[in-house]
Amino acid sequence: MFEELFGRQGFSGPAAMLYHKNPPNALIRIEGNLGVRSALTTEFVTDDLTDARADFTTLASNEDLQVGLSRRAEAMPYAYRNTDGDLLYFVHRGEGVFATEFGPIEYEPGDYVLLPKGTTFRHLPTTDDGLFYVTESALPIDFAEHEQVGRHVPFDPTLITVPDVVDYGWPEQDEWELRIKHGGEYSSAFYPNNPIDLIGWKGDLFPLKINIRDIIPVGSDRIHLAPSSWATFETPRMMVVTFLPQMAVADLTSEELPSDHRNIDYDETVFIHHHPMLPPGIFSHAPQGLLHGPSADIRKMFNMMRKPEARRQLTAVSVDTCSPLKPSNALVEHIKKKPSEGIGL
């Protein structure tokens, strides 16, 4: 007997558990455009890796958002303002600072950095090996609501880092460039004064960061919790889920791994930050309607290795979207060049 979860609204709506005679995820092949796509992003050459004036490279997109990759190795030579949406950077590796008009946000691996739509900033890496998983959302990104567990779970709000203004000490120059993204296109406005020159601010709209080490995963001794239980950010059209190391389901008679599921209402992207058996930096996209989950062989091997007080070791970021995501040409061409990286998760 093999289980399949058939559910709506990202595991929070109506659902049925289906019991199959044979493994429902034993796929032979797919004809057409539907399919799980994945790539090792550490081998992906982004536009901003080779050109300091370039933006991040899109991996997949829909009318609500795009997810992409940045490997910026040099400082932005301009001030930047994105008017197409909020920007959420997840720092996979690298250190540096987002020099925002509100003040500096220093970053390190494991940081989420949220830059609201229209924020003026410069990205100034201090290492040349940075790798960032980027989400640009037309709808405002906010923290996910977890009202049942109280305001100190999944993280204490006092651990959110909010910037304060500083004098960056940049040398004077005749003109200052502000590069603006609008409608997917770029323009440059030039000013006699630095556009990042605030001497103070107040209000409830500002950039911020939080590190995944400060997020407390919600767990259960007896049941595998749906990914929505670990959502960190959300909009009405997507959620950002943080998978973190945590205690596994203690009851060895209960299922620890997720059932095969079809993602009826969500496309799912996963970015692997750390995994004991997979290389870090894998990006995977599973579209709506296509059944996915651990294979029967992996499930059998995992259950043979289970023991009390075991811990899950996966650290990953998942962006789940209500509308289907279209893979970018850059992602499709990369997979063609490196088909061996196509590991379905």
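**Entry 1: salt bridges**

I began with the salt bridges of this predicted model, and I found that the structure holds eight of them. I then looked up three of these pairs in turn.

One of them joins Arg8 to Asp265, with 2.7 Å between the closest N and O atoms. I noted that Arg8 sits in the loop between strand 1 and strand 2 (15-20), while Asp265 sits in the loop between strand 20 (260-261) and strand 21 (267-274), so this pair ties together parts that are 257 residues apart in sequence. Are the two partners buried or exposed? I recorded a relative accessibility of 41% for Arg8, which therefore counts as partly exposed. Asp265 has a relative accessibility of 18% and counts as buried, because buried means under 20%.

Next I turned to Lys209 and Asp111, whose side chains meet in a salt bridge at 3.5 Å, N to O. Lys209 belongs to strand 16 (residues 208-211) and Asp111 to strand 10 (residues 111-115), so the pair ties together parts that are 98 residues apart in sequence. I noted that both Lys209 and Asp111 are buried.

I also looked up Lys181 and Glu136, which form a salt bridge at 2.8 Å, N to O. This pair links distant parts of the chain, with Lys181 in strand 14 (residues 176-182) and Glu136 in strand 12 (residues 131-137), 45 residues apart. Both Lys181 and Glu136 are buried.

**Entry 2: the surroundings of Glu3**

I located Glu3 in strand 1 (residues 2-7). Its relative accessibility is 29%, so Glu3 counts as partly exposed. Which residues does Glu3 touch, not counting those up to four places away in sequence? I listed Met17, Leu18, Tyr19, Pro24, Ser259 and Asp260. I also checked Met76, which is 73 residues from Glu3 along the chain; the C-alpha atoms of the two are separated by 50 Å.

I then traced an open sheet of seven strands, which has the order 3-22-21-24-18-17-13 and antiparallel pairing. Which strands stand at the edges? They are strand 3 (37-40) and strand 13 (142-143); each has a single partner strand, so one side of each is left without a neighbour in the sheet.

Asp142 has Glu234 of strand 17 as its bridge partner, and Phe143 has Phe233 of strand 17.

Strand 17 and strand 18 (residues 238-243) run antiparallel and are joined by four bridges. The two strands form a hairpin, with two residues between them. How many residues of strand 17 are buried? I found four of its five, and strand 17 is thus mostly covered.

Helix 3 (residues 329-337) lies across strand 3 and strand 22 (282-286), and the helix runs at about 75 degrees to strand 3.

**Entry 3: a nonpolar patch**

Finally, I examined the surface. Met277, Met301, Met304 and Met305 make a nonpolar patch of about 520 Å². I picked out Met304, which lies in helix 2 (residues 296-305). Met304 has a relative accessible area of 67% and is therefore exposed, the cut-off for exposed being over 50%.

Key. Residues numbered from 1 in each chain as written. Predicted model: local features only at pLDDT ≥ 70, side-chain atom pairs only at ≥ 80, totals over all residues. Heavy atoms only, no water. Buried < 20%, exposed > 50% of the residue type's maximum accessible area, 1.4 Å probe, protein only. Contact = heavy atoms within 4.5 Å. Salt bridge = Lys/Arg side-chain N within 4 Å of Asp/Glu carboxyl O. Pairing = 2+ DSSP bridges. Axes fitted to C-alpha atoms, helices over the stretch in contact; angles between N-to-C directions. Patch = residues over 30% accessible without salt bridge, like charges linked within 9 Å, V, L, I, M, F, W, Y side chains within 5 Å. Areas by Shrake-Rupley, 256 points an atom, 1.4 Å probe, with all protein chains shown as cover.
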